[in-house]
2 protein chains.
Amino acid sequence: MANIQQVAEKAGVSVATVSRVLNHAASVSTKTRLKVENAIKELNYEPSMLGRNLRNSESRLLLVLLPSISNPFYTEIINGIQNTAIANSYNILLCETDSNPQRENIYFNMIKNKLADGVISMDPTVNRQKLTELAESHPVILCSEYDEGGSVPFVTIDSELAAYQAVKHLIRLGNKKIALINSDEKFLYARQRRSGYERALKEFDLPIREEWIYHTRDLEFQNGVQAMRMLLELEEKPTAVFAVSDTLAIGALKGINGSGLHVPNDLAIIGFDNISFSNMTNPTLTTVSQPMYKMGVTAANMLIMSIKGEQVESVVLDHDLIIRESTMG
Amino acid sequence: MANIQQVAEKAGVSVATVSRVLNHAASVSTKTRLKVENAIKELNYEPSMLGRNLRNSESRLLLVLLPSISNPFYTEIINGIQNTAIANSYNILLCETDSNPQRENIYFNMIKNKLADGVISMDPTVNRQKLTELAESHPVILCSEYDEGGSVPFVTIDSELAAYQAVKHLIRLGNKKIALINSDEKFLYARQRRSGYERALKEFDLPIREEWIYHTRDLEFQNGVQAMRMLLELEEKPTAVFAVSDTLAIGALKGINGSGLHVPNDLAIIGFDNISFSNMTNPTLTTVSQPMYKMGVTAANMLIMSIKGEQVESVVLDHDLIIRESTMG
DNA sequence: ATGAAAGCGCTAACAT
DNA sequence: ATGTTAGCGCTTTCAT
């Protein structure tokens, strides 16, 4: 791979002139520019990002941290981030952390080392301490999951309210025994959604029964299947289920198969996220729709502002309840 | 962010010595090492990958190109790549190309510019010309989709054979009218799977009817829904459908809803890929299982060998037919 | 065992 | 309009 030096020699000019041509500086004569451009072509030269970044302390690369690409929830968010980034001449790199702090650390280092200009983290288990530390001197935005009372700017929705509304919808349909399939409450969103669930029940004087609250380890389908099977083994079975993620709700739907129960007649189900698959199930899934694309766009814009040195404020976006077959009893 | 110079000053040694400590060189006295390590801690110093990479022409970063993260097919492959990479002290960066050549080009440049040491491409629409050119001087491996007769090493399965076996399974169940939901035949795998489909039909003297071969634009669920609706509008409806991707097959399953037809009694369906969803549908989906994790591991190993300068040979892995409810008529 | 200095590829300030 | 040169942060050769 040729370097700028060789191009300069071939064109019979200085490296500075080559650099000027590369950066479209005005002060180069057409004749010289042509010579340089020819040399570039002949040598098949491409400028080294490494040298350039080292010099400029800028990479125009953004990092996007996500726990796992297997959850379709992230797909649309990433589209939003990607489109916004590209519109601003940035590129994004997706980093799957598996919620592993060590792996996270590697990516944090890429930021510290100027290999990327900023980071959007969607990892709920991110090491708060390290992240806050990083955010002190580097552009960081949290997306979806965030740090309550923390100093890092975030974009998210009101999970408590969304859960409250979802459960209220179930209550209005006449359900009095409503179960919750929650994920691990170490996640903020899990605590918030539980809180919304309880607020709705309390408001209608319905009992909050621990046996109707199931906690899953992960958000995979299989966790939802498992959760539903447990609920169906109870003496007093719920007549409705609110799952904090579509993947869990879809698993729950599967878990009902073979039990003889009918959704929604015997059991109503609501999910959360409105992933594309939630419209493919049979019955289709009622769910809370997060504005995922917009969330991505917003996060990317916030990050780019932050890179420019501007102050950014956290944002809470609106959600919607999408009513489909699984609650049309 | 402190640099090596400041660490050296603080520790009262030269930058060379700091570098030695950083790289665990043997020839540093314990006393000096301690001084340096203290300085590093006090200054919160982290070595710059940029400076290091520029000097070493090595980044220990691998690029993984994929058209879209929305297809769950890639999930397990990426796990395989990631684990293998980490076991060899490499990190991976996921690059979503949206099958956009311009975007691809950006990532190719990262390779040329030594920002990453090699690339695994899973993008079927990748620009063959540019890729082959890149592969002449940089480590490149193709995964899943490949270039027939090309010079770039690949890891894949025998799509023709898999399709042949899938269709034969349908024939053995007594089906004589078998439709194909294919993707765009600009993709090699699409041509291969069609070829396997036709081979099976011919072998049993069944007619190949153009109206039973539907081509979709993308691999989204919705494309499968659409395809199935078209097939159900035909005067002579098929009794079985082979879809070249699980996402399409799942969409097809959805497209049948409301038609009054029963799967598998009236219509058998086979998909391809064995994505995790395929076991969540109702009925569960018969499908061809690609060894995705192994594919990822193999691709990563090949790439790492290639980076080391070793010659690598292309690999064709085995597949399996997973029989589930959608063909248990 | 340690230090001085060159150089990886590039940009920009300064000089002409 | 173009050239000279310093320097971004690091590693490594060559001295000592």
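Helices (H or I, at least four residues) and strands (E, at least two) are DSSP runs here, numbered from the N terminus. Some notes on the model follow.

1. Ground rules. This is a predicted model: local features need pLDDT of at least 70, side-chain atom pairs count only at pLDDT 80 or more, and totals for chains, interfaces and linings use all residues. Side-chain values use heavy atoms, with hydrogens and water left out, residues are numbered from 1 along each chain as its sequence is written, and chains are lettered from A and ligands numbered from 1 in the order in which they are written.

2. Cis prolines. A:Asn282 and A:Pro283 are joined by a cis peptide bond, omega about 5°. A:Pro283 sits in the loop between strand S9 (268–273) and strand S10 (286–289) of chain A. In chain B, the bond from B:Val263 to B:Pro264 is cis too, with omega near 10°, and B:Pro264 is in the loop between helix H11 (246–256) and strand S9 (268–273).

3. Positive phi. Most residues other than glycine have a negative phi, and most peptide bonds are trans. B:His24 has phi near 55°; this residue lies in the loop between helix H2 (15–22) and helix H3 (30–43) of chain B. B:His24 is exposed, at 68% relative accessible area (exposed means over 50%, buried under 20%, partly exposed in between; 1.4 Å probe, protein chains only). For B:Asn44, phi is near 60°, and the loop is the one between H3 and helix H4 (49–56) of chain B.

4. Shape of chain A. You'll find twelve helices and twelve strands in chain A. Its radius of gyration (over C-alpha atoms) is 26 Å, well over the 20 Å that the globule rule (2.2 Å times the number of residues to the power 0.38) gives for 329 residues, so chain A is more spread out than a compact globule. The C-alpha trace spans about 85 × 40 × 30 Å along its principal axes. Still, 57% of the 329 residues count as buried.

5. How the copies relate. Chain B goes onto chain A by a rotation of 180° with 0.1 Å of shift along the axis, RMSD 0.1 Å (least squares on C-alpha atoms of residues with pLDDT of at least 70 in both). The two copies are thus related as by a two-fold rotation axis. B:Leu94 is the chain B residue that comes closest to that axis, at 2.4 Å (C-alpha).
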